[in-house]
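Let's walk through this structure together, one part after another. Have the sequence and the 3D view open as you read.

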Amino acid sequence: MTTQSGQDPLFVIEDLHVNVEGKEILKGVDLSINRGEVHALMGPNGSGKSTLANTLMGHPRYQVTAGRVFFKGEDIVRLTTDQRARMGLFLAFQYPTSIPGVTMVNFLRASLKAVRGSDVPVREFRTILKDTMDLLKVDESFARRYVNDGFSGGEMKRAEVLQLGILRPELAVMDETDSGLDIDALRTVAEGVTALMGPDMGALIITHYQRILNYIKPDFVHVLFGGRIVKSGGRELAQELEAKGYEWIAKEFGVLEGAS
Amino acid sequence: MAAAETVAQIVPETYKWGFHDDEEAVFKSKKGLSRAGVAEISGMKGEPSWMREFRLKALDHFLARPMPTWGGDLSQIDFDEIYYYVKAADRNAGNWDDVPPYIKRTFDKLGIPEAERKFLAGVGAQYDSEVVYHNIHEDLKKQGVIFLGMDQGLAEYPDIVREYFGTVVPLNDNKFAALNSAVWSGGSFIYVPEGVHVEIPLQAYFRINTESMGQFERTMIIAEPGSYVHYVEGCTAPIYSRDSLHSAVVEIIVKEGARVRYTTIQNWSNNVYNLVTKRMRVEANGVGEWIDGNLGSKLTMKYPSVYLMGPGAHGEILSLAFAGPGQHQDAGGKMIHAAPNTTSTIISKSISKGGGRTSYRGQVKVYPGCRNVKSTVRCDALLLDEDSRSDTYPYMDIEEERVTIGHEATVSKVGEEQLFYLQSRGIQEAEAAKMIVNGFVEPIVKELPMEYAVELNRLVELQMEGAVG
């Protein structure tokens with residue numbers, strides 16, 4: 001588990017097996033991410049990408065049957081979702097849930113308070129909120145709306161990135177943040193994510209398409225197929241996938257299994 | 001979810017108003033109902049003979065009428081085991097200093113005098129059967145606004161009371177309205193002259209102290225043309241092993257172009273049967289609004305109604321019910337469209353937890369010839385666990401074709417996905433569930449004056465304690 005720099009990696013997935021409703025979806029995933037690194041995880045529909053994202057955050061419907069997940073040296077598999085979040089893990093949802101009646105501003109403040117473990121003075125919170133909204137070009141009226149309630153696809157994704165910017169996790173798992181976005185919205189969202197990344201914030205970008213990686217430059221690219229990571233490489237792997245398509249992977253690593 | 005908790009385990013933690021005073025009643029009737037007992041109440045109050053006759057006629061009707069078999073379980077009510085009249089103080093004071101000290105201490109604990117000083121235009125306080133305190137701002141008094149206990153109202157304004165008493169809720173309307181008509185005591189009498197706007201709320205506070213007590217207040221509001229008033233009532237009771245009965249009647253007359261808003265935050269302890277008849281009569285272009293929050297009681301059966309009698313009248317009901325362990329909230333509302341171009345909205349939000357049961361029971365009626373009526377009903381139920389229950393009983397009785405009627409009902413569980421989403425942002429499960437419930441009741445809370453919104457949120461949070469384990 002030691003890297004070239006000699007530090008322990010921030011995040012290590014070891015031989016992770018996951019069942020959903022009795023069916024095995026992840027069949028031994030291994031992955032290691034150092035502090036501040038950006039990794040892309042690509043794969044066709046049904047390869048287990050969203051299962052991995054939800055499992056890492058501890059969704060109760062995803063059952064870990066074997067393997068371990070280390071975050072900052074601690075195995076987090078038995079921890080609750082909120083404990084993981086308070087350790088500095090973040091999931092940007094592919095399909096964020098709406099919470100009618102709860103305003104974004106109250107939700108964001110409660111989240112920041114929970115992650116910090118202490119109250120956030122109103123003035124300080126307002127400054128953080130305004131700065132992050134400016135950075136992501138989010139309209140002020142956003143704060144008064146109910147969480148994801150009646151949001152367009154683009155607004156939902158922008159709201160996810162807004163949360164990322166306010167909570168400043170150490171590792172952000174971005175689950176198909178590019179899906180459902182037109183090219184302009186994609187650019188805004190991706191540039192926002194890039195602006196937030198840095199030596200203290202790494203990311204696992206989960207995506208079907210290569211296009212988001214034109215904006216967020218990954219240090220490493222992995223291909224998930226049939227519940228396993230079958231290929232890893234540098235940025236050029238993403239381009240190769242874009243050029244050759246997933247059929248190439250299917251031919252090399254076996255028949256595509258049923259989507260899940 | 002902590003479904004196995006019993007009422008006894010939960011109540012002492014979460015119900016903060018369960019204390020009681022040693023009884024120091026000036027007069028307590030014998031248990032049970034009789035003609036002599038009813039005549040005695042009337043005699044003690046020195047009422048005019050028409051009121052005594054009204055009471056006795058109502059008693060006959062009550063005795064003749066069978067118990068309702070719909071709604072909640074009423075079989076445990078023993079009418080022979082109830083004290084129908086308990087008089088705690090000799091007189092109705094206009095100054096807190098004149099209220100007997102032990103009663104004053106109770107209202108102090110409940111924060112009433114403080115609330116009056118801070119944000120109310122007038123306050124009434126009823127302790128068991130009698131109103132012990134009543135006061136209204138001087139400037140409202142000068143504009144002719146009357147805010148008195150109902151008994152005092154009858155004594156000082158017998159002609160007004162006689163003109164309207166029993167006209168909106170007749171004594172034979174239903175068994176419990178008949179019971180109230182026979183043994184009523186206390187409640188508020190409010191009269192707002194033409195064109196007068198009472199800008200800040202008037203409040204009455206109802207407290208049952210005596211065990212096995214029946215509280216039967218009677219409230220009447222008359223809003224003359226173009227006037228406005230917002231009346232708020234709150235209620236609590238001690239926790240006793242024997243059940244108490246609260247059966248009120250509220251009659252409201254909203255004249256042309258007037259508007260009355262009536263807000264209830266009902267937080268009786270879980271041993272009170274709350275069987276209440278509330279009705280408004282709204283004339284042309286008037287507005288009648290009920291905001292009805294039911295969080296307490298063992299069983300509540302209450303369906304505030306608006307009778308839209310004049311063209312252009314508008315009715316609105318916002319109903320919020322929260323049923324915890326051992327509670328059944330059978331609540332809703334009625335909109336009776338008896339004139340053309342009348343409009344109404346019913347929004348019902350109910351939450352059930354720990355085996356609690358909520359029912360929405362509502363009626364929309366449109367009489368023939370009432371063209372261009374518009375009515376919308378929306379009921380949302382939220383279940384916090386598998387043991388809880390929610391039912392919807394919407395009755396539609398539409399006898400006119402040129403109308404627009406909408407009905408929408410949803411039942412949802414506090415979703416795994418919503419909890420997961422909030423938890424993924426570091427918020428713990430119990431806190432996340434509270435946020436979801438507070439969001440669910442937000443459409444009702446935002447209609448309340450600030451102080452009550454805060455209070456209602458606090459009550460919902462108290463009810464939520466122990467909901468997620």
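In chain A, 72% of the contacts with a separation of 6 or more are between residues 24 or more positions apart. Here two residues are in contact if their C-beta atoms, placed from the backbone, lie within 7 Å. Before going further, please note that this is a predicted model, in which local features need pLDDT of at least 70 and side-chain atom pairs count only at pLDDT 80 or more, while totals for chains, interfaces and linings use all residues. Residues are numbered from 1 along each chain as its sequence is written, and chains are lettered from A and ligands numbered from 1 in the order in which they are written.

Let's stay with chain A as a whole. A compact globule of 260 residues would have a radius of gyration near 18 Å, and chain A agrees with its 18 Å; the radius is taken over C-alpha atoms, and the globule rule is 2.2 Å times the number of residues to the power 0.38. Its C-alpha trace spans about 55 × 40 × 40 Å along the principal axes. Of the 260 residues in chain A, 43% are buried, a label for residues with 20 or more other C-beta atoms within 10 Å of their own, the C-beta atoms being placed from the backbone. The secondary structure of chain A comprises 8 helices and 12 strands; these are DSSP runs numbered from the N terminus, with at least four residues (H or I) for a helix and at least two (E) for a strand.

Now to the sheet. In chain A, 6 strands form an open sheet with mixed pairing, in the order 6-9-10-3-11-12; two strands pair if DSSP finds at least two bridges between them. Strand 6 (89–92) and strand 12 (228–233) of chain A are the edges, each pairing on one side only. On average, neighbouring strands of this sheet are turned by 20° against each other, direction ignored. Inside the sheet, strand 9 (residues 171–175) and strand 10 (residues 202–207) of chain A run parallel and are joined by 5 bridges, with A:Val173 opposite A:Leu204 in strand 10 of chain A.

How do the helices fit in? Helix 1 (residues 49–57) of chain A lies across strands 3, 6, 9, 10 and 11 of chain A, at about 145° to strand 9 of chain A. Axes are lines fitted to C-alpha atoms, for helices over the stretch in contact, and angles run from 0 to 180 degrees between N-to-C directions. Helix 5 (residues 153–167) and helix 6 (residues 183–196) of chain A pack at about 5°, with their axes 10 Å apart. These two helices of chain A are therefore roughly parallel, the term for angles under 35 degrees. Among the residues making this contact are A:Val161 and A:Leu164 of helix 5 of chain A and A:Val189 and A:Val193 of helix 6 of chain A.

Strand 14 (residues 272–282) of chain B runs parallel to strand 16 of chain B and is joined to it by 4 bridges, with B:Leu275 opposite B:Met301. Strand 19 (residues 328–337) of chain B also pairs with strand 16 of chain B in the parallel sense, over 4 bridges; here B:Thr300 stands opposite B:Gln329.

Finally, where the chains meet, 22 residues come from chain A and 19 residues from chain B. Helix 11 of chain B gives the largest share of the chain B side, 8 residues.

Key. Buried ≥ 20, exposed ≤ 12 C-beta atoms within 10 Å, placed from the backbone. Parallel < 35°, antiparallel > 145°, perpendicular 65-115°, else oblique.
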